[in-house]
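My notes follow in the order I checked them.

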Amino acid sequence: MASPRDDLAIMSRKDLTARMVGKLNREEAVVAGIGNTNFDLLDAGHRPQNFYMLGSMGLAAPIALGVALAQPNRKVFGLEGDGSILMNLGTLTTIAAQAPGNLTIIIWDNGLYQITGKQETATSSVTDIVAVAAGCGIPNSAWATDENHFESLVETAINTPGPHFIAARVDDASATARPERNPVLWKDRFMVGIGSKPVQS
Amino acid sequence: MNWSDQLLESLRNNDVDLTIYVPDEVLTPLIRGAEDDPNMEAFPASREEEAVGIAAGAALGGRRSVVLMQSSGYGNSVNALASLAVPYQLPILMIIGERGVLGEFNPVQVPISRAIRPSLDAMGIPHRTLEREDEVAAVADRMMLQCFRTQLPAVLFINALLTGGKNDR
């Protein structure tokens, strides 16, 4: 069965990540899923409002939802790969039902479990993840057709009530950056960055 | 006060204003009480590990929450505890309705009920089991205080002796 995904441009995940970060100027929180997703986020330049997941595959969207519920006046972005979101599709129904206006989920879809050996995911053949999100009840769900369209979708997500869901077909270039494997370091930096914990002198 | 009202009061005393639950029959009075409390936001998650993820995000954002689930669903939450809550030192407070013990009628509930405490012990997650109405407030208050002050997950089991369990009807 043909999917709208078949006709989309394949873009650079690293480039799109940097373009997204370039649009953030109001201390928006970014929760980045396991693997290349958070490696590329770090590669775009560390921000105090970034949270890097070292484990718990599939939980970027739920964590982002929790941050969004805790800080309703801050825009929150959850970044996931296609394999990760497939592990927890049910969370799209929760996001749709709770409908936090400050939450955006971005899916980097390269159709691969890239970091484990490039096994193909269902999105590489039959599953249209934007149609899934829309079917779960997130009406603001869209494929980015090219880089400029991606940037305009991110701007819309920043400037209009959500939840928003953006997916982009991306390449499988291996990210080069690696966050230090120190969970508590990233927790503390993130909490200070979004004002939920005071800076310790 | 009955057990569920005592737990709701402990949650209020500990500034918990977000309840994320995966439904469980024996916890129904607690779920209903949370949903009826105008100062509590309460909603269901589709799966227990998702509920832990939402609670983790809330904790990162500075909001205290509680996760409610059935003991069978605990099995769905283990990786979220092991690779997120414990290593990131996040105060995930869980209240678990116990099945598989004391009058259980369904054999599929039993194995996870035997595995759950050894698994929590192996991860270093403290847990207490509430069996009597006169102990609920004191134990719950202290467990919640410990969870949020030590920034580590904690579990309260709600035993069938307290709730009457689930009947096979």
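This is a predicted model: local features need pLDDT of at least 70, side-chain atom pairs count only at pLDDT 80 or more; totals for chains, interfaces and linings use all residues.

Residues are numbered from 1 along each chain as its sequence is written, chains are lettered from A and ligands numbered from 1 in the order written, and side-chain values use heavy atoms, with hydrogens and water left out.

Buried means under 20% relative accessible area, exposed over 50%, and partly exposed in between, with a 1.4 Å probe and protein chains only. A:Cys136 has 24% relative accessibility, so I noted it as partly exposed. B:Cys147 has 1%, so it went down as buried.

Next came aromatic pairs. Rings of Phe, Tyr and Trp (its six-membered ring) pair if their centres lie within 6.5 Å; planes under 30 degrees apart are stacked, over 60 edge-to-face, and the rest tilted. I found four such pairs over all chains. The rings of A:Tyr52 and A:Trp186 have centres 4.7 Å apart and planes at 65 degrees, so this pair is edge-to-face. A:Tyr52 sits in strand β2 (residues 50-52) of chain A and A:Trp186 in helix α8 (residues 183-193) of chain A, so the pair ties together parts 134 residues apart in sequence. Helices (H or I, at least four residues) and strands (E, at least two) are DSSP runs, numbered from the N terminus. Both A:Tyr52 and A:Trp186 are buried.

For A:Trp108 and A:Phe150, the centres are 5.6 Å apart and the planes at 45 degrees, so I call the pair tilted. It links strand β4 (residues 103-109) of chain A, holding A:Trp108, to helix α7 (residues 147-159) of chain A, holding A:Phe150; they are 42 residues apart. A:Trp108 and A:Phe150 are both buried. Ring pairs also join A:Phe51, A:Phe190 and B:Tyr88 into a cluster.

Last, I traced the sheet in chain B. Two strands pair if DSSP finds at least two bridges between them. Six strands make an open, parallel sheet in the order β2-β1-β3-β4-β6-β5 (chain B). Its edge strands are β2 (41-44) and β5 (127-130) of chain B, each pairing on one side only. Four bridges join β1 (residues 18-21) of chain B to β2(B). There, B:Tyr21 has B:Pro44 as its bridge partner in β2(B).
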